[in-house]
Amino acid sequence: MDRWVLLDQKRAEWRKDPVLFAREVLLFEPDDWQIDVLNDLATSPKVSVRSGQGVGKTGVEAVALLWFLTCFPFARVVATAPTRQQLHDILWAEVSKWLSKSVLLRKILKWTKTRVYVVKQDERWFAVARTATKPENMQGFHEDNMLFICDEASGIADIIMEAILGTLTGDNNKLLMCGNPTKTSGVFYDSFHANRTMYKCHKVSARESKRTNKENIQFLIDKYGEGSNVVRVRVDGEFPLADDDVFITLTIAENAVYVEKAFSGGISFGVDVARFGSDKTVIALKQGNVVTLPVVRHGQDTMRTVGDIVVLYKDILAKRPQYRGNIVVNIDDAGLGGGVTDRLREVKREQGLSRMEINAVNAGSSARNDNYDEEKYENLGALLWGNLRDALGNGELSFPSDSELMAQLSTRKYGITSKGKIALEKKDDMKKRGLPSPDRADAVALALHMAEAGRLITR
């Protein structure tokens, strides 16, 4: 029998059975929940999966993409995610991995950095990677056989999801949404609630997955509590609960993971110096709207902290020769931070670091400022966190996906003083609740600050 006739016969079989396709073509052995998802996708137009981290959702997305593209004539598959890193470095790389494992697919499919297409059919029969940044990225696709795959679906804006839903009008048009359930609103949330009857819904806990690191799970439970939102979202695949007394909700904090920003604005450091015990010294680096944590370490060596700052400062100037502004270094000046400030000023003079602007910040000082209502916050520390909350709520910052940073941002409580001012929960009180010092979050809040309390870096 001709091999192409045989392939067509197998395609008809795989079309109805994506699990068989995964095993025979990709040598992919799915977990039980992945089998359920793939079977539902074969028979249903909309499938939604909420999960903890590390359970294998990217793998099942890659299998779904290659199954649909291979088995349906003139198929179009659109894979999307909130950020380029999530889409290209994670999902699209996973597609490449499983395609390369298949002797058959290497012959009939061609992989590129943005497209996978059937050989000699590149104009009509393909899968494409499109970042979920503009509704028009999701429009203009019309075929009888079409699949949209939305990775980290909680982070995709409703206007973009609505564009996707509006495109699904063909006879065999399908939608697969997967992700950590970080938001209690939006299309992904509604797929498990108000619109549940329209979807085949799945929940996958990291506790039950054979793919996850159980030591990391226990670490999160021990550090943030069994019922915390961090454990709910990142371990159990549950949507976060509303905490009326939490200053920054997990939903607001997690939004920053899905914000994609180009460099625009100034450069600043936030330096939170460890004081004792399990506390960590953290340096947050803000370049335009993008925040990273290049230094997170145990220890109270102030000279090493100064050295870290100087190395980062010189590295940035070397990598961004076009940047002409100052680099602002905001240091928590209480306790050991005072030693860092003093020594850094000496090094600045000794080495002629003329573009380094050093600010000693005392979080316990007054929050009075010409641009802010002086009655709003109890002290400067509360104002810094207020600025951070505003920036997150306005979509002005982009963060790494860091479990500890998200936990620290979303577990600190607040109250109202007898004078009507906002007061953050004291760190000693957080420790009584079994929580660590919010060193990562403090460093990020400091990175947004300038010498004039409350003014954001916009230069």
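This is a predicted model: local features need pLDDT of at least 70, side-chain atom pairs count only at pLDDT 80 or more; totals for chains, interfaces and linings use all residues.
Visitor: Why is the crossing of helix H2 and helix H3 called oblique?

Guide: The axes of H2 (residues 18-25) and H3 (residues 32-43) cross at roughly 120°. Roughly perpendicular covers 65 to 115 degrees and roughly antiparallel begins over 145, so H2 is oblique to H3.

Visitor: And which residues make the contact?

Guide: Pro18, Val19 and Arg23 come from H2, while Ile35, Leu38, Asn39 and Ala42 come from H3. By class, that contact has five nonpolar, one polar and one charged residues. Arg counts as charged, so Arg23 of H2 is the charged one.

Visitor: How do you know that strand S9 and strand S12 pair?

Guide: Pairing takes at least two bridges, and S9 (residues 267-272) and S12 (residues 327-332) have five, in the parallel sense. As for one of the partners, Ser268 is bridged to Val328 in S12.

Visitor: What makes a nonpolar core, and how many residues has the largest?

Guide: Its members are buried nonpolar residues joined through side-chain atoms within 4.5 Å, and the largest such core has 61 residues. Helix H4 (residues 57-71) gives the largest share, ten residues. Among those with the most contacts inside the core is Leu109, which touches Leu66, Leu99 and Val116, among others. A second, separate core of 36 residues includes Val257 and Leu409.

Definitions and conventions: Residues are numbered from 1 along each chain as its sequence is written. Side-chain values use heavy atoms; hydrogens and water are left out. Helices (H or I, at least four residues) and strands (E, at least two) are DSSP runs, numbered from the N terminus. Buried means under 20% relative accessible area, exposed over 50%, partly exposed in between (1.4 Å probe, protein chains only). Contact means heavy atoms within 4.5 Å. Axes are lines fitted to C-alpha atoms, for helices over the stretch in contact, and angles run from 0 to 180 degrees between N-to-C directions. Angles under 35 degrees count as roughly parallel, over 145 as roughly antiparallel, 65 to 115 as roughly perpendicular and the rest as oblique. Lists of a residue's contacts leave out its neighbours within four places in sequence.
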